[in-house]
Amino acid sequence: MAKRGNGEGSIYRRKSDGKWTGSVSLDDGKRRVIYGKTRKEVQEKMKALLHEQQQGKLVANSSQTIEQFIVDWLENTHRRKVRPRTYERYREAVYLHIVPALGRIQLQKLTAQQVRAFYTKKEDEGLAASTITCYHSVLHLALDMAVKWGIIPQNVCDLVSPPRRARFEIQPLTTEQAEKLLIVVRGHKWEALYILALVTGLRRGEILGLKWQDIDFKTGTLQVRRILSRVPTKMPGRTHVYVEAEPKTKQSRRSVAIAPFALATLAIHRTKQQEAKIKAGETWQEHDYVFCTSLGTHLNPNEVVKELKKLLNLAGLPNIRFHDLRHSSASLLLSLGIHPKIVQEILGHTQISMTMDIYSHVLPVMHRDAINKLDMNLIKKQEDSAKSKEGDDEVANTGD
């Protein structure tokens with residue numbers, strides 16, 4: 001055993017494999033072993049472990065099971081870091097799938113083979129690769145925390161790959177199809193909603209969480225400040241409710257320009273809403289929503305989707321999802337030559353690479369248009385140069 005560092009107590013370097021190792025005494029008298037590639041890494045893990053113990057979040061039991069750890073991690077640590085809708089998905093993954101399959105296994109004895117068998121079983125049950133990848137992400141996050149706290153030496157999820165997700169083919173509307181949709185929605189009670197979705201690329205939750213205070217008719221812009229998000233509830237007869245929540249990411253809090261014709265439609269919509277408010281009288285509930293029921297409460301997202309399906313069918317258009325209106329907006333902008341960086345900001349994507357990856361189908365068209373413009377520009381310059389040379393020759397001949 002190598003000599004310990006001065007003042008570091010139980011941190012030392014093992015001769016067998018060169019790993020730095022440390023141990024921490026827990027409140028129950030037991031010691032927990034911590035591993036790391038460097039002395040500093042072990043020090044940081046020990047600090048984090050002691051901090052968690054002081055906060056009462058650490059289960060000081062070396063024989064704790066996957067269920068004990070992952071439930072504690074989800075409810076007491078991770079829940080505060082994610083949005084309600086994300087927590088709902090993680091909760092479903094933990095309680096309905098990970099715990100039933102792996103819950104009884106001791107945390108320190110979980111193997112890569114057991115994790116792989118869990119994924120295989122879910123594949124055999126017919127679950128989509130994207131769903132299993134979600135379970136993998138949840139388990140990976142939890143085990144990463146176990147490594148950070150020094151409970152286990154490594155994350156076995158690093159040794160296992162989830163099923164490869166099939167690339168989802170988006171279904172954006174073409175310019176002609178978008179025009180057909182605009183004709184069909186004319187006069188519909190939610191005409192302004194569908195037009196706004198098509199020209200701004202806002203997500204469904206962003207549109208339904210939009211308030212009049214977020215729209216500036218003078219500048220023709222709107223601010224995305226909140227979303228309408230689904231969260232679980234214990235209310236009798238209901239599994240979930242919709243609440244206002246923070247946008248998906250920091251980039252999602254953004255300013256978006258509104259096309260003039262969409263802004264005019266919004267102005268008409270506001271007038272009609274004021275009339276509905278007067279008609280409702282004392283039964284009106286003021287929430288300032290741009291799109292709301294006849295009583296002022298938020299719209300049901302599912303109803304908005306159902307109405308869209310009816311309109312698409314009426315127009316003879318493909319049966320696309322509501323989210324494909326967002327894809328349509330981005331595809332149309334890119335095909336018109338709008339710089340991808342601008343499109344990224346409009347959509348609220350974290351990175352431009354995400355925008356380029358999702359809308360790679362538009363790139364060939366953009367490339368072809370760019371080459372055609374370059375070709376026409378070069379031809380024009382050649383023609384201008386030839387005309388100029390002919391003029392010079394004529395002048396020269398006249399001089400002779």
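Trainee: Where is the place of Leu 336?

Mentor: Helices and strands are DSSP runs, numbered from the N terminus; a helix is H or I with at least four residues, and a strand is E with at least two. Leu 336 has its place in the loop between helix H11 (323–335) and H12. Please note that this is a predicted model, in which local features need pLDDT of at least 70, side-chain atom pairs count only at pLDDT 80 or more, and totals for chains, interfaces and linings use all residues. Residues are numbered from 1 along each chain as its sequence is written, and side-chain values use heavy atoms, with hydrogens and water left out.

Trainee: Is Leu 336 buried or exposed?

Mentor: Buried means under 20% relative accessible area, exposed means over 50%, and partly exposed lies in between (1.4 Å probe, protein chains only). Leu 336 has 68% relative accessibility and therefore counts as exposed.

Trainee: Which residues form a nonpolar patch with Leu 336?

Mentor: Patches are made of residues with over 30% relative accessible area and no salt bridge; like charges are joined within 9 Å, and nonpolar side chains (Val, Leu, Ile, Met, Phe, Trp, Tyr) within 5 Å. Areas come from the Shrake-Rupley method with a 1.4 Å probe, and for residues only the protein chains shown count as cover. Here Leu 336, Ile 338 and Ile 342 form such a patch on the surface, and together they have about 280 Å² of accessible area.

Trainee: Which residues of helix H12 are buried?

Mentor: In H12 (residues 340–347), the buried residues are Pro 340, Val 343, Gln 344 and Leu 347. They lie on the same side of H12, because they cover an arc of only 105° around the axis; the arc is that of the directions from the helix axis to the C-beta atoms. Just after H12, Gly 348 takes a positive phi of about 80°.

Trainee: Which residue has a positive phi although it is not a glycine?

Mentor: That is Asp 288, with a phi of about 70°. Asp 288 lies in the loop between helix H9 (260–280) and helix H10 (301–315), and at 23% relative accessibility it counts as partly exposed.

Trainee: How many salt bridges does a search of the whole structure find?

Mentor: A salt bridge is a side-chain nitrogen of Lys or Arg within 4 Å of a carboxyl oxygen of Asp or Glu. The search finds 15. In one of them, Glu 125 meets Lys 121 at 2.6 Å, N to O; Glu 125 also meets Lys 122, at 3.3 Å. Lys 122 is buried, at 7% relative accessibility. Salt bridges that share partners join Lys 121, Lys 122 and Glu 125 into one network.

Trainee: How is a pair of aromatic rings described?

Mentor: Such a pair is described by the distance of the centres and the angle of the planes. Rings of Phe, Tyr and Trp (its six-membered ring) pair if their centres lie within 6.5 Å; planes under 30 degrees apart count as stacked, over 60 as edge-to-face and the rest as tilted. The count by this rule is five aromatic pairs. Among them, Trp 212 and Phe 217 are stacked, at 6.3 Å centre to centre with 25° between the planes. Ring pairs also link Phe 118, Tyr 119 and Tyr 135 into a cluster.
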